[in-house]
4 protein chains.
Amino acid sequence: MSNKRGGILERLDNGEVVIGDGGFVFALEKRGYVKAGPWTPEAVVEYPEAVKQLHREFLRAGSDVMQAFTYYASEDKLSNRGNTAQEKYGCTAINTAACRIAREVAQEGDALFLGGVCQTPTYLSGGDKASIQAIFRGQMQTFKAEGADLVLCEYFEHVEEAEWAIEVGLETGLPVACTMCIGPQGDMHGNSAGDCAVRMARAGAKLVGVNCHFDPFVTLEAIKLMKAGLERENLKAYLMCQPVAYMTPDAEKQGCIDLPEFPLAMESRLCTRWDMHRFARAAYDLGVRYIGGCCGFEAYHIRAIAEELAAERGRFPAGSEKHIAWGGGMKMSTKPWIRARSGRDYWENLNPASGRPYSAAMSRPDNWGVTRGSEMLVQHAHETTEEEDNRVKQLGQQMRKK
Amino acid sequence: MSNKRGGILERLDNGEVVIGDGGFVFALEKRGYVKAGPWTPEAVVEYPEAVKQLHREFLRAGSDVMQAFTYYASEDKLSNRGNTAQEKYGCTAINTAACRIAREVAQEGDALFLGGVCQTPTYLSGGDKASIQAIFRGQMQTFKAEGADLVLCEYFEHVEEAEWAIEVGLETGLPVACTMCIGPQGDMHGNSAGDCAVRMARAGAKLVGVNCHFDPFVTLEAIKLMKAGLERENLKAYLMCQPVAYMTPDAEKQGCIDLPEFPLAMESRLCTRWDMHRFARAAYDLGVRYIGGCCGFEAYHIRAIAEELAAERGRFPAGSEKHIAWGGGMKMSTKPWIRARSGRDYWENLNPASGRPYSAAMSRPDNWGVTRGSEMLVQHAHETTEEEDNRVKQLGQQMRKK
Amino acid sequence: MSNKRGGILERLDNGEVVIGDGGFVFALEKRGYVKAGPWTPEAVVEYPEAVKQLHREFLRAGSDVMQAFTYYASEDKLSNRGNTAQEKYGCTAINTAACRIAREVAQEGDALFLGGVCQTPTYLSGGDKASIQAIFRGQMQTFKAEGADLVLCEYFEHVEEAEWAIEVGLETGLPVACTMCIGPQGDMHGNSAGDCAVRMARAGAKLVGVNCHFDPFVTLEAIKLMKAGLERENLKAYLMCQPVAYMTPDAEKQGCIDLPEFPLAMESRLCTRWDMHRFARAAYDLGVRYIGGCCGFEAYHIRAIAEELAAERGRFPAGSEKHIAWGGGMKMSTKPWIRARSGRDYWENLNPASGRPYSAAMSRPDNWGVTRGSEMLVQHAHETTEEEDNRVKQLGQQMRKK
Amino acid sequence: MSNKRGGILERLDNGEVVIGDGGFVFALEKRGYVKAGPWTPEAVVEYPEAVKQLHREFLRAGSDVMQAFTYYASEDKLSNRGNTAQEKYGCTAINTAACRIAREVAQEGDALFLGGVCQTPTYLSGGDKASIQAIFRGQMQTFKAEGADLVLCEYFEHVEEAEWAIEVGLETGLPVACTMCIGPQGDMHGNSAGDCAVRMARAGAKLVGVNCHFDPFVTLEAIKLMKAGLERENLKAYLMCQPVAYMTPDAEKQGCIDLPEFPLAMESRLCTRWDMHRFARAAYDLGVRYIGGCCGFEAYHIRAIAEELAAERGRFPAGSEKHIAWGGGMKMSTKPWIRARSGRDYWENLNPASGRPYSAAMSRPDNWGVTRGSEMLVQHAHETTEEEDNRVKQLGQQMRKK
């Protein structure tokens, strides 16, 4: 470990607040390098400079850990429903390229880098433990070989699969972190958030928590339950939190993916930097010590976390060179009424309008309640057929009528 | 001119629809390379790779013109209210670097590149025509020297200053385009949108229109009035439209900069790609032939324009490699209810919720009504003083009470 | 004229502000005595005590004029589309009963009473002037015979029919007032609001203005245009304004009847008493001297007008016995946080929430654009047939798709 | 008991759904006969015809029980904070007059009548059980003497006071019903909704449930908890539900009185008749057999309940003479697009817009958390002093800042 501040556990044990990065699939989709729908990361091979640039933005914003862009880089996902990335590049090449990019940028700063695995189509399709662990093992071996500082098991909707991933992660000898994409209602098998935390910690994860699917504030409600679960069982694990940067007060059990706006019309739910100040403070006060983001989080959101916690961390991020905290830059505007908008009091108390008088504040989530075991979740390599397409659309109309 | 499709006028004369790019200051501020408040583009010198990457995203999304990042790169702005960019780098170096980056990326595709000038602090401070034109001339000479395909005079709130800029632009011998940041209520001196178009065309601009300050749909209302003005006077000029990507139905005369959310809490107003489909179609139907974006426009917004007009343009953008039109990629989702969200019918009819039940749909704009001639608009090189700061804040509170 | 303060013109000539009453059809529909759809006033015969009670509430709230409940009491409307009121009671009996109730209550205070006519189904069906005037004449003769202090021609969407009504009104020798249900976009034949005012005044109306279809603030925009029209032609007429008590910023040419919530789900648009304070002040400042209400206005809305203008009128209404201005009664609450809600500053600055996070702020109006001359507006005595019903519903679905 | 359908328990035991009435204080305040703030019912002496008319509207709408207007008619409330009603009329005269009016109207139909007591200022001030029961006893004796069919203890925020009221009610020998103004979070002393139900039933109430403070749907959540509490303890009591007619998704523990709009700007939260159809169905399905309303409920809301349950009750209310279910009357409109709005499909699926684009969907409740025992809740006979007034206003500003 060549980092000045040490490995992840050393940093945490020293009482540091570790800042994560933001969301790669959403940011790179908007920039044109990731396809919405499959969301697989073959861009690391195809457009490495674009991926590297995004890492650099997060590093500059204050991220302490570069998360290699290995999301959904499992061989079953890379060949699911017509995806050709497995065939073209292969799982190992993608995971390797992702690690190298992350490592390179990490070394430009004093950052760590991690490799991550997540929920597999095979699990949703009802695959057995051995075959699923084999998938994870392939990726994990790459992470280890490329020198990752830790491994992350993330975005699990069922704690069972998370446990399987942690088991494989431990084989690497690296510290293992694990976050599930659940909210206060718990996982899709009916396990409470508290029980999920307990099971992740018992399985060997040193950091446990939540990523994706819910907004920062709903996510912290789930983390509260996790913390209580760990305390109840006298388990020690660091808390980790990487929510989406979209407001989801109307999401229910399965989070933002159930909202009708997901994923291609989420804009009006996007969090401001001021929301992130509030989030960072609340997460810190709750005891979360790995604070980052997921879908929707861009560099300026991460920078807001780093600025909010600058006193606790003893430093501002490099990117604050171009950002005066709490809108102080407004004093340099040519327009006097905009100069009047500098300062915390102004931005902290603003309730931003939507500009959409024909839209509501909330949507009814889809709530199909379909999970592992459902025939509709069985995945396949060929493209979605027209018959399948018609069937889900009819079902969608029926569900919305209810 | 080495471009296969010819220069800007050749393309337009051939009936092509030219697609512009998106907003650099907002995108790069979020990425960490531009400071909100002064909004000056010294990043072209400091972080050229980051600027280049953004150009590449727009090129890939379908932009036909790379707009060199010279916004606010006038010497008076680079040294205004404590800005040190003029002192550190100088105006010429910045304009030169911006042109070279834009040119390099343009040549990677079949794109043109332009250099632009905009509203000066000197004008707002009441400076005379000669001194203002001298500022423009400095920038324009750089554009010419670096081989720009056209020059753009943009973001003017007073048609008088726009005319002065056009005059200088014509000295280069290059085609001159001119867009003002006005809405249907016209410019800050009380000139109607129609009259502004007439004056820009008479001054020699071959393309006239609107950029910034208003959302796509309000902007098109202004363009309609400009078109009527030109027709009334039998003037021929191509129409150009580069609005912000934020919904501003509540903006009044001075547009989105008067809205209380501007500039650091505009997120919930952000347009979706589907809004841009509607915009592109409406702009095309109105006869606009240079369609691009300003603040808030990211690559995926530009790609949406290019996809909407793919039939008219005879091609999809390179970036559509990673985007199946109208959410077709959803068919590759592992979740059946998300697969049900593919297709135009779904996305076109969605009214996206804000996720913010404690926020309103609209805000009251500040509407200070301060413009050229006001003592509060007189700019200076030193930082805004504490006394000035207190004064504008008090004024702000009074104005909001009304 | 036995009233202490004289007839309507005497009062107005003396500089008084005359306060009208509120909406009978909406209030009595909610109380159970008027049928939504036909909206005819046979309750004056069937439930005279209920009608009288409503008059008394308005009188107590400050109304200076009791408006006999003769709305839609024309023989063609009383027998339209299955309505049996004409057959059961007859037009004359209804108009007579309405006048007597209004007169009785008016005499309990120092109020005047008026009889009113409004838009006829015969006009919409394309009937000729003579037959339409014959309908008005029948009603007007009853008003005259029952001792009305003035006649009102109201709720006209076409100024032509308004003129015909005024002509007949003048035959009574009583002062004639005339209000159209139009907004700033003018009447359904394309006459501007200003021209409508001019034509009403030239036809002989001493008071002209607007009632129904738009909220107080949109209505005042139309009144402004009317005032300008009268001034342009050097015509003198008092301005009269009786808007609906529902917020309609999204209404277009034909007003609130085009909004999808009309008439049975308008609740969330209902104005507060504080809206009426603002309305009364703005109307007064504009020079309106007959200020009342239409659909949705209840006694407390009228009382708010009377309280706002108490200084100008030299008196508070009787009903202020039970109302301390600007929420002063809150000081008598048992709960301290409610006691904190007394006073103008609190209520004037409150933006009331809707409590409906799944609803938008605005709706798209139907805008069928159907008016006099359309075959779909031809009325008949028999009930709407199933075939007609199906046809309009299909058409409705088509229009909403657009 | 001369009623054809028997007393309240006979009806309920026979499986009938009993429909209550709506809210007197809010309706009569708007009509001009009750003062907002103290909300005491001396109108029964001052304006008996106005009170009688409101009873008749509810009777006609389908109410089976006339609730004598005795709300807050306790001697301590009638003389609280400057209220002179006790001095002028006295508690007994007011309770007697209220009973006589209710009885008279009940006899016009086949309705029952009840007298009710509610939360006392003395309890909030910390008074002892004996003095509070003495207050209830005075009122109850009047109800008994005037021939009430049952007594109701309602609007209690603390189950302790509810029990004390029930005890006194049982002394009359009449059936006792008891409803608290609580939501799913339980009473102000921290008792759960389920425990409150158990304690009310154990104290002897034959009907238990909730009235006021929450909207129909939140209220049913509390009733669900009450039902579960009763089942857990094997207690039998009929469920009773009389919510406010205002949407309160944002209310917290103390309900709508904490919302900043309460009580003088609640308009935009008002429920439609279609909301009441949904409420009636959901309440019936949950097993509630006494379904009525509180503040905001007008006759047409009660009629909607009676129409929704017409099949179960075997009859439509008298008032349906003037109301064709599900907007059927629209078929009689002269306008075709309004005729297209008849039928359940249209109204049931409408999300009504607020017409207020500058307002949010939700508000932050005051949540002072002040309850019995707080010095600020100590009541007194003299008017609120200026010093007290200033103190609560300062406190209000502080609380809102948080």
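This is a short tour of a predicted model, one selection at a time.

**Stop 1: the annotated domain**

Select residues 6-309 of chain A. An unreviewed UniProt entry lists this span as "domain: Hcy-binding". Its end C-alpha atoms lie 20 Å apart. The span is 46% helix and 12% strand.

**Stop 2**

Select A:Cys212, A:Cys294 and A:Cys295, which the unreviewed UniProt entry lists under "binding site". They are spread over 84 residues of sequence, yet they cluster in space, with a largest C-alpha distance of 6.6 Å.

Centre on A:Cys212. This residue is in the loop between β6 (207-211) and α11 (216-232) of chain A. Is A:Cys212 buried or exposed? A:Cys212 is buried, because 26 other C-beta atoms lie within 10 Å, and the cut-off for buried is 20 or more. Now show its contacts, setting aside residues up to four places away in sequence: they are A:Tyr155, A:Cys181, A:Val244, A:Cys294 and A:Cys295.

Move to A:Cys295. Its loop runs between β8 (290-291) and α13 of chain A. A:Cys295 has 25 C-beta neighbours inside 10 Å, so it counts as buried. Beyond four places in sequence, its contacts are A:Gly23, A:Val25, A:Phe26, A:Cys212 and A:Val244. Note that A:Val244 is in contact with A:Cys212 and also with A:Cys295.

**Stop 2: a helix**

Select α6, residues 91-108 of chain A. The helix has 18 residues and reaches 26 Å from its first C-alpha to its last, close to the 26 Å expected at 1.5 Å a residue. Colour its buried residues; among them are A:Cys91, A:Ile94, A:Ile101, A:Arg103 and A:Val105. What do the buried residues of α6 pack against? Look for α3 (43-46), α4, β2 (65-67), α5 (85-88), β3 (112-118) and α8 (129-145) of chain A.

**Stop 3: backbone details**

Most residues other than glycine have a negative phi, and most peptide bonds are trans. Here are some exceptions.

Select A:Phe262 and A:Pro263. A cis peptide bond joins them, with omega about -5°. A:Pro263 is in the loop between β7 (238-242) and α12 of chain A. Jump to chain D: the bond from D:Phe262 to D:Pro263 is cis too, with omega near -5°.

Next, pick A:Trp39. Its phi is positive, near 60°. A:Trp39 is in the loop between α2 and α3 of chain A. It is buried, with 22 other C-beta atoms within 10 Å.

Then pick C:Cys212. Phi is near 60° here as well. C:Cys212 counts as buried, with 27 C-beta neighbours inside 10 Å.

**Stop 4: where chains meet**

Show chains A and B. Their contact takes 84 residues from chain A and 84 residues from chain B. On the side of chain A, the elements giving two or more residues include α2 (24-31), α4 (48-61), α12 (273-286) and α17 (386-401). That side has 40 nonpolar, 23 polar and 21 charged residues.

Now show chains D and B. How many residues does each chain give to this contact? Chain D gives seven residues and chain B gives seven residues. The side of chain D has five nonpolar residues, one polar and one charged. Of the interface residues of chain D, 100% are also interface residues in chain B, so the copies meet through the same surface.

**Last stop: the axis**

Technical notes:
Residues are numbered from 1 along each chain as its sequence is written. Chains are lettered from A and ligands numbered from 1 in the order in which they are written. This is a predicted model: local features need pLDDT of at least 70, side-chain atom pairs count only at pLDDT 80 or more; totals for chains, interfaces and linings use all residues. UniProt positions are given in the numbering used here, feature names are shortened, and annotations may be inferred rather than shown by experiment. Helices (H or I, at least four residues) and strands (E, at least two) are DSSP runs, numbered from the N terminus. Two residues are in contact if their C-beta atoms, placed from the backbone, lie within 7 Å. Ala, Val, Leu, Ile, Met, Phe, Trp, Tyr, Cys and Pro count as nonpolar, Asp, Glu, Lys and Arg as charged, and the others, Gly among them, as polar. The expected span of a helix is 1.5 Å times one less than its number of residues. A residue is buried if 20 or more other C-beta atoms lie within 10 Å of its own, exposed if 12 or fewer, and partly exposed in between; C-beta atoms are placed from the backbone.
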